[in-house]
Amino acid sequence: MNGTTVLDQAVSESGDSLVTTKSLGKRYRQVDALRDCTLGVARGEVFGLLGPNGAGKTTLLRLILGYLRPTSGQATVDGLDATHQSVAVRRRVAYLPGEARLFRHMRGQDILRFFAEVRPEGDFRRSLALSERFELDLSRRVAFMSTGMRQKLALSIVLATETPLLILDEPTANLDPTVRGDVIDLVADAKRQGRTVIFSSHVLSEVEEVCDRVVILRGGKLVHTQDISALRRCHRIRAAITGAPPLPPVALQDQLDVRSPAANQIEIDTYGELGPLLGWLATLPLTEMRIEPIGLRAVYDRFHAPRGGLPTQADGDDQPAATGLRPDGSQDRKPGGPVVSHPGATRHDAGSPTPDDCLPAEGSSLSAESAGGRTGDDLR
Amino acid sequence: MTRVLLKKYVNDAKWLLLACGGTIFAFCWIRVWIVSRLDTGRFKAILDLLPGDWQRFTPVDFEWLITYTGRISLAYDELIVVLCVSIWSIARGSDCISGELGRGTLEMLIAQPVSRLKVITVHSLVTIMGVAILAIAAWGGTCTGIYNTSVTEEILPAWQLPIPLPWIGAEVPIPFSTPQSVDAPMSDKVDVDVFLPATVNLFALGLMVAGFTTMMSSWDRYRWRTIGIVVGIYVVQIILKLVGLAADEVNWLLYFSAFTSYEPEAFVHIADATPQFAWSLSIYDADGHWKTWGPMAHHLVLAMIGVVSYLAAAVIFVRRDLPAPM
């Protein structure tokens, strides 16, 4: 299946999905901004979009909103064609652009009032309440606001709108940590209300915190779908060991990758619950043992980092490197580590790098959850 | 929703409209006052000094042009009036799409459930209403001037003794008393209604420029580029008209300049001299033969260019991709 997964196909075709794209593409002369993108966003899901600048995230969002006309394929929101029923689509969507620019000559309060009035379901009082939460000075003209204040103003407009779908393109850019936290809380509130959120960000920790599922785009192509709840069950155990690395018990073999990166060192990647594993670990001659979650950063770096390997959340900050792929699309591997593959990877691109896949398979429990509770068999 | 958009666009435009409208109104008023201060006879002396070829640059006879009505009608062709209408039309037309796109504000606006057609229609409606207000300001200023100024004329005494000059064969009239200066209201000399065709012509010019600018704006993403292109074409059109008027050999160039249809003083002249043709599509001679196109034909040429440009702008804008702000 080119450019898609069983999971995406299933969500895309199911009646539960609020947003679907089928073979969606956008080409500018010689450049493919987006290629053959098929995905589905289930109702009530918080769906993350990841990728470096130019990966196609914003193009995908603009196609969904009807700002751009697709070169191929189709996007629908709530069954409505994004290109030909754009107004009806936008009635169901509240959109925060990546760089929200507001009318510079207007005061903050007038801006809130304008956007509340221009929308039938607009709520001025809710906008005001949000702006108070963000401690925003509404008496200032937009021209005299800082970038962060403008972002808060835009958030007050967008988050006040009670639409089924919320599209946030880098909502926390230019915000201080407190307001970032508020935004994340508001997204979580939206999810609790049953609203669907598409969340694009470069801050992986936020995406990991708030999203149910993320897709990674590279060069205009959707290359990976990751269920976050499954990711949270993945861990890496690092320890010093005396003697040869042990063979895992047969019952645990499907959930483990064991390797020895250096003499007297052992690394174990786990893909399921830690509980059953701990008993076996207790029998091993391990010292200096550390257990770390394998974060979204590790998954992201498989497609976009300059160096391979599987860094954990403890390895560095949230900002991924934007390059790192060889010209042929392959990726460097961690020195000394054997190639470990696992059938659980939710891969999209046959030409993408083949790093250490550590994630459960499509149709497994994680896929069923993200597809609105259907079983893996249903998805297939 | 339409009301909200309308209110916003009016607020956006009000200061420019006030400035342009106030300038036009004041200028046209002052223009009438200046006309009232200068004696028509002195004007004739000035015009007599001009070479005969200069006549080709004006669509009306100098004889009529030195009348109060003729001189007031020139206000519609003055740089300030044409410039104010053009500034309004180009500023608003270029703001419509490429201006909003360039500033990035279209992004948030179009994210609301409002159709692109509605955005361009409401914006253009405000622009066209503004053009109408500016044209009315020109007429209003002229009317205000006409009703608030008076002219001083010298009246020679009715009784004069003609003294024959021997060998020359002419007579010199010798008045029995000194000439009298009489003040008369300008409104007694000039009918304000004759300026209505010029007002409509000014409106049509503004509509054309606004429509064309909006069309250029609808496919562009940079306002400065839109303004540059429109001003460039504007200047070329003026040059085509001037060159076309300058020599008979290149008279055909007039067909390629929209400004050929902007002749407000000619239409005032028609309304003044032949009121029956003031709103005609065609003008006929005394024998009933077609003579030339009437004022209404010229108004329609300009207005049609504007309307067609607006329609093209709407089609282009509705179909185009909206790029992300730079």
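Of the 326 residues in chain B, 42% are buried, a residue being counted as buried if 20 or more other C-beta atoms, placed from the backbone, lie within 10 Å of its own. The model is predicted: local features need a pLDDT of at least 70 and side-chain atom pairs count only at pLDDT 80 or more, whereas totals for chains, interfaces and linings use all residues. Residues are numbered from 1 along each chain as its sequence is written, and chains are lettered from A in the order in which they are written.

Chain B averages a pLDDT (the predictor's confidence in each residue, from 0 to 100) of 90, and 96% of its residues score at least 70. Chain B contains 12 helices and 6 strands, taken as DSSP runs numbered from the N terminus (helices H or I, at least four residues; strands E, at least two). Along the principal axes, the C-alpha atoms of chain B fill a box of roughly 90 × 45 × 35 Å. Two residues are in contact if their C-beta atoms, placed from the backbone, lie within 7 Å. Among contacts in chain B between residues at least 6 apart in sequence, 76% join residues at least 24 apart.

In chain A, 50% of the 380 residues are buried, and the secondary structure comprises 13 helices and 14 strands. For contacts in chain A between residues at least 6 apart in sequence, the share joining residues at least 24 apart is 66%. The domain assignment, automatic or from a database, divides chain A into domain 1 (6–229) and domain 2 (232–343). The contact between them takes 17 residues from domain 1 of chain A and 12 residues from domain 2 of chain A. On the domain 1 side, two or more residues each come from helix H8 (204–210), strand S9 (213–218), strand S10 (221–227) and helix H9 (228–232) of chain A. H8(A) gives the most, with 4 residues. By class, this side has 9 nonpolar, 6 polar and 2 charged residues, where Ala, Val, Leu, Ile, Met, Phe, Trp, Tyr, Cys and Pro count as nonpolar, Asp, Glu, Lys and Arg as charged, and the others, Gly among them, as polar.

For the complex, the predictor gives an ipTM of 0.82 and a pTM of 0.80. The contact between the chains takes 22 residues from chain A and 19 residues from chain B. On the chain A side, helix H2 (57–65), helix H3 (86–91) and helix H4 (108–118) each supply at least two residues. H4(A) gives the most to this side, with 4 residues. The chain A side divides into 12 nonpolar, 2 polar and 8 charged residues.

Conventions:
A residue is buried if 20 or more other C-beta atoms lie within 10 Å of its own, exposed if 12 or fewer, and partly exposed in between; C-beta atoms are placed from the backbone.
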